[in-house]
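Visitor: Hi! I'm new to this one. Could you walk me through it while I look?

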Amino acid sequence: MAALVTAAVGGCAEPERLPSEPTIPPSASSDHPHITREDAASPQAEQLELDGGLPSDHVHGVAVNPADGLVYLATHDGLFRYGAGGPEPVGPVVDLMGFTVAGPDHFYASGHPGPGVDLPQPLGLAESRDGGLTWTPVSRGGESDFHALTASAAGVLGFDGFALRATGDGLTWTEVETAPGTPFAMAASPTGSAVLITSASGVYRSQDGGSSWARPAAPLLQFVAFADENVAVGVTPHGEVSRSEDAGATWTRTAQLGEPAMAVAATRRADGSIHVVMVTANGLLASDDGGVTFAPLLAAS
């Protein structure tokens, strides 16, 4: 499997808040209707596209697809792919509360189907093998809404508000009874041996796929992502970026975004550089030097 690019996501049914955490827009609920593709020409949809260049005001995750090297944005209004001209909708309108890339064009997601979309409510675990064009229910449909989701060669980890659950085949789940506290976001290394969880009480790290946990010397990170087996990137609620070279054991501050982030993705490119993408209310920022300097995504190399 190609190197995993994890997408750390936030929740919509208001997960446990980090201290001084900035407000993250909630997602789909009974009093927050979906905007469908048919509404794309409406003033509301046009305003969403103008606000920071984001295609939706509720962004839940970001990742890079190894198949095309493009950034994919998981939102309340579905999945969007960022090409040279900006965001383009991909597939049906699904409120993608949890989203992660497991390989080329291979995605996992959870959340809520939009109006007229024939998928379980809540979605449980759904899989796409065509880059998000179609989604197939795999398991726990109607049972779990995974707000935090990450995948690796070892399988999938998901937190649905009640328990941290793990599956190796997507069908049979076991509860990770050693899981610390309430995960806000999480990321797994490509092999799944290292797992990082962010929470209101700090960062937790596992070196054995979640069997045991420890508290590393880490800042109060809100979102995290692995670029490869050792390099991880995280961001605090106030936009301070840090990088780890030892799978989350120690961290070094690399940058200050100047604004809160909604999601983060990281990947190691073929030339060895670490590519980082941060989603903020003002748009997408990209870094080609491992999170030291950032520029608007479409202006970055």
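Visitor: How do S22 and S23 pair?
Guide: In this predicted model, strand S22 (residues 283-287) and S23 pair in the antiparallel sense over 2 bridges. Strands here are DSSP runs of E with at least two residues, numbered from the N terminus, and two strands pair if DSSP finds at least two bridges between them.

Visitor: Which residues stand opposite each other there?
Guide: Ala-286 stands opposite Ala-295 in S23, and Leu-285 faces Pro-296 of S23.

Visitor: And is S22 buried or exposed?
Guide: Buried: that holds for 5 of the 5 residues of S22, so the strand is largely enclosed by the rest of the structure. Buried means under 20% relative accessible area, exposed means over 50%, and partly exposed is in between, using a 1.4 Å probe and protein chains only.

Visitor: What joins S21 to S22?
Guide: A hairpin does, through 2 residues. S21 and S22 pair in the antiparallel sense over 5 bridges, with Val-277 standing opposite Ala-286 in S22.

Visitor: What sheet do they belong to, and in which order?
Guide: An open sheet of 4 strands, ordered S20-S21-S22-S23, with antiparallel pairing. S20 and strand S23 (295-296) are at the edges with a single partner strand each, so one side of each has no neighbour in the sheet.

Visitor: Where is Ser-273 placed?
Guide: Ser-273 sits in the loop between S20 and S21. At 18% relative accessibility, Ser-273 counts as buried.

Visitor: What does Ser-273 touch?
Guide: Leaving aside residues up to four places away in sequence, Ser-273 touches Thr-267, Arg-268 and Asp-288; contact means heavy atoms within 4.5 Å. The side chain of Ser-273 also makes a polar contact with the side chain of Asp-271 (2.7 Å). A polar contact is a pair of N or O atoms within 3.5 Å; within protein, one must be able to donate a hydrogen and the other to accept it, and residues adjacent in sequence count only if both atoms are side-chain atoms.

Visitor: New topic: which residues touch the most other members of the largest nonpolar core?
Guide: Of its 18 residues, they are Val-233, Val-235, Val-241, Leu-257, Val-264, Val-276 and Met-278. S16 (223-226), S17 (232-235), S20 (263-268) and S21 (274-280) each supply at least two residues of this core, and S21 gives the most, with 3 residues. A second, separate core of 16 residues includes Val-59, Phe-80, Val-279 and Leu-297. A nonpolar core is a set of buried Ala, Val, Leu, Ile, Met, Phe, Trp, Tyr and Cys residues joined through side-chain atoms within 4.5 Å.

Visitor: What is the mean pLDDT of the chain?
Guide: The mean is 86, and 82% of the residues reach 70 or more; pLDDT is the predictor's confidence in each residue, from 0 to 100. Over residues 1-5 the pLDDT is below 50, and over residues 8-51 the pLDDT is below 50 too. Where pLDDT is low, the predicted coordinates should not be read in detail.

Visitor: Which ground rules apply to the numbers?
Guide: Residues are numbered from 1 along each chain as its sequence is written, and side-chain values use heavy atoms, with hydrogens and water left out. Local features need pLDDT of at least 70, side-chain atom pairs count only at pLDDT 80 or more, and totals for chains, interfaces and linings use all residues.
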